[in-house]
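Please have a look at the sequence and structure first.

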Amino acid sequence: MNENLTISGQDRHWSSSDSDEEALCASTTERLPYSKQKNDEKNCYTLGETEGAPRSTEVLMVAREQQLISPPRVPCREERDEEVELKKGQDQVYRSFQRVLQVTPALISRLGLEAELDGHQGCVNCLEWNETGSLLASGSDDVQVILWDPFLHRSKTIIRTGHQGNIFSVKFLPASGDSTLVTGAADCKIRVHDLNMQETMQVFSCHAGRVKRIATAPNLPFVFWSAAEDGCIMQFDLRCPEMSSSHPSNILINLNAHMGDHAEAKCIAVNSLRPELIAVGANDPYVRVYDRRMLACRSMKLPGDPNTRFPWDHPHLEPVEGEDYSLPEGCVQYFIAGHLPQKQPDYRKRYRTLASTYVTFGPTGAELLVNLGGEQIYLFDINAKRTARQLHALPSACYVGSGATKGATACVSSNGYSLHRNGTTANGVTNGISRHSVLPAPTTTLTLYPDSSLSDEGGSSEQQQEKKRLRGDAPHMTALVDRLKKHANTCFEKEQYSKAVYLYNQAIARSPGTPVLLANRAAAYMKRKWDGDLYAALRDCHTALSIEPNHMKAHFRMARCLHELGWVQEAYDCLNIFKTKFPDYATSHACQALERDIKAVLFSKVNGADDSESSRAEETGSQRRKAAFSTQEKHWQQMAYDYELRFCGHCNTTTDIKEANFFGSNGQYIVAGSDDGSFFIWEKETTNIVRVLRGDDSIVNCLQPHPTSCLLATSGIDPVVRLWSPRAEDGSKNEREVNNSDDAASANQKRMNADPLEVMLMNMGYRITGFLDVDEDENQGESPTCRPT
């Protein structure tokens with residue numbers, strides 16, 4: 001800084017500053033020894049550019065030494081601490097304000113296309129924001145990574161990664177100043193790039209299969225993890241010496257040792273608030289959460305010459321002699337939707353595979369979101385875990401004072417679990433059927449419609465009270481909840497089951513634990529019959545009976561759900577207790593019909609009627625798969641925990657990189673792409689669809705929310721990245737809006753259950769008659785056209 005001090009008679013001033021301290025410094029310069037240059041025209045001295053003259057900082061130092069001015073006051077420790085606490089409080093208020101207003105219902109309702117980022121020459125398979133949200137990285141089939149400025153809508157850097165296969169994952173290493181980028185691709189390699197030097201720092205060739213996902217942990221700029229289709233989870237530390245590509249020693253988890261040689265790791269995520277927890281999704285419906293503090297890296301070796309392998313051979317690493325790939329007790333917990341273990345054989349018969357395509361932890365670190373390929377999206381609570389086994393039997397409160405006979409209650413243990421899973425009761429009755437049992441004559445009719453069908457009009461007051469007791473009406477239900485319930489019942493009677501579920505969800509969110517709402521939603525689930533609906537109905541019935549053990553319709557619907565889900569013995573036990581508790585309804589047509597169906601299945605098992613050649617082949621294949629499981633794997637699967645919430649409407653069958661993410665700082669919304677080229681937005685609290693937008697001409701795979709703003713980046717088969725933000729409220733039409741979300745969701749459910757050949761032909765552009773057409777009696781709008789992929 002070129003500061004110029006002029007002293008002339010009594011007038012002294014700084015030409016560049018008028019501060020008090022500088023003026024006082026100027027008044028003292030006459031006493032300071034420095035070489036001066038006299039001006040012939042004026043009796044003045046110039047300080048600043050004269051050779052040998054002191055600078056302003058030197059003037060201040062000399063003045064302070066001569067005590068002409070006092071040094072700046074240094075705050076005490078208490079004042080510094082107070083200032084730090086004040087700044088922390090201000091930051092917390094700012095973050096809280098930002099957290100509340102980042103994503104709101106009003107912003108979601110205005111969400112629309114902001115820009116298309118064009119630059120790739122192939123499908124965009126992965127997206128990643130940096131920590132501040134100032135950069136967006138995208139990886140593509142063109143083996144390039146582009147860094148975008150999301151606010152100027154232009155590319156900043158194009159990285160030629162050197163990969164020889166499609167890029168499936170891209171990650172910024174945290175706390176690296178956005179200078180280090182990691183990519184994983186189909187060439188089985190992981191590359192680390194220095195963005196400042198614009199070069200590749202390291203190349204890891206440890207995997208034998210395609211690298212599908214890379215995960216990082218906060219504040220760890222040197223460590224990352226990878227999941228590949230060779231069934232291995234590897235841990236990389238850039239501070240360690242270069243690892244051997246032929247004998248990698250960084251195998252954190254070897255899924256092949258537990259699932260068999262055909263295990264594939266599809267996705268991985270690290271809990272940002274508890275970095276010791278790692279979630280892993282594989283080519284099965286189970287999601288595994290490991291505590292890496294209890295794990296140690298092991299060694300394996302790459303197979304021999306890859307040219308000697310057949311193209312259909314599954315790539316996997318080979319074990320090293322002497323290595324123990326078993327895991328310590330308590331290091332992992334398994335999660336699965338409770339109905340899937342029972343449904344897997346049926347899915348295999350239809351060549352329908354289940355695999356986790358994406359896993360991620362919520363903002364609080366307590367929720368785990370899983371996009372399950374071939375099924376729905378599930379949210380698990382890793383802290384308050386829910387067991388699925390208790391749903392096989394009635395809640396224990398249903399047996400208290402029910403008048404059930406000893407033979408009926410002997411089939412249930414004290415904790416509500418079925419004791420005779422082999423089909424034989426404690427009193428020796430095979431499969432729960434007495435050959436001499438005689439049913440009473442039918443006397444009344446049992447309806448499966450919502451509980452409004454039990455009218456309160458007519459009859460004595462005692463009869464009306466009994467009807468209310470059987471319905472399980474809550475004593476306090478707000479007017480809004482009551483209106484929602486009546487509207488939902490009306491939709492049910494019109495066979496609009498999706499709309500009925502939507503309204504029941506809203507009512508239950510406002511009045512949780514109301515038995516009549518739970519039982520009614522169960523009836524709507526049973527009629528709609530989307531994937532997982534029967535099990536969701538079973539859960540609702542079980543919850544309703546836990547609150548109101550004498551809820552008659554919830555009890556009967558639970559027996560029917562157990563039967564249709566394949567838990568036939570449990571269904572028979574539940575129905576027997578129902579007949580004992582409600583003798584007036586035991587001889588109804590519905591009850592007798594259900595009992596005949598259950599007995600037919602039980603007798604067929606006893607007589608071996610279902611032991612056909614196809615079933616024996618299927619059983620043999622299932623036994624082979626189970627034989628490949630380790631003892632630990634079988635135990636972990638038996639102890640798997642159930643889901644908390646379920647999100648339906650999208651279709652995830654064509655690609656295995658389809659994502660699902662939390663949207664909003666508190667995770668208020670869930671977003672996911674679909675095979676029909678749309679992406680869905682669900683409200684997490686109610687699990688209802690709130691928006692459906694057209695995001696791609698074929699398939700939407702990736703959705704990554706901005707870390708601080710209401711901005712969403714999506715990509716898919718199209719070679720572009722799309723940015724979505726709230727649109728201006730100018731009354732213009734959103735061309736990307738899918739107006740009838742019910743029709744889109746129904747079409748996607750049919751698509752997931754379609755024959756694989758039909759799906760292949762449709763993806764080739766053929767029109768399959770009746771394939772995605774919506775039932776006329778269920779929906780009156782036009783069916784959305786699903787674009788070929």
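The crossing of α11 and α13 is left-handed, meaning that the near helix is turned anticlockwise from the far one by less than a right angle. This is a predicted model, where local features need pLDDT of at least 70 and side-chain atom pairs count only at pLDDT 80 or more, while totals for chains, interfaces and linings use all residues. Residues are numbered from 1 along each chain as its sequence is written, and side-chain values use heavy atoms, without hydrogens and water.

**The helix pair**

- Helix α11 (residues 515-528) and helix α13 (residues 552-564) pack at an angle of about 30°, and their axes are 10 Å apart; helices here are DSSP runs of H or I with at least four residues.
- That makes the two helices, α11 and α13, roughly parallel, a label for angles under 35 degrees.
- From α11, A519, N520, A523 and M526 meet A554, R557, R560 and C561 of α13, where contact means heavy atoms within 4.5 Å.

**A residue in α13**

- H563 lies in helix α13 and is buried, with a relative accessible area of 17%; buried means under 20% (1.4 Å probe, protein chains only).
- Leaving aside neighbours within four places in sequence, H563 is in contact with A571, L594, D597, I598 and V601.

**The sheet**

- Four strands form an open antiparallel sheet in the order β23-β24-β25-β28; strands are DSSP runs of E with at least two residues, and two strands pair if DSSP finds at least two bridges between them.
- β23 (355-361) and β28 (645-647) stand at the edges, each with a single partner strand, so one side of each has no neighbour in the sheet.
- L369 has L379 in β25 as its bridge partner.

Conventions: Axes fitted to C-alpha atoms, helices over the stretch in contact; angles between N-to-C directions. Parallel < 35°, antiparallel > 145°, perpendicular 65-115°, else oblique. Buried < 20%, exposed > 50% of the residue type's maximum accessible area, 1.4 Å probe, protein only.
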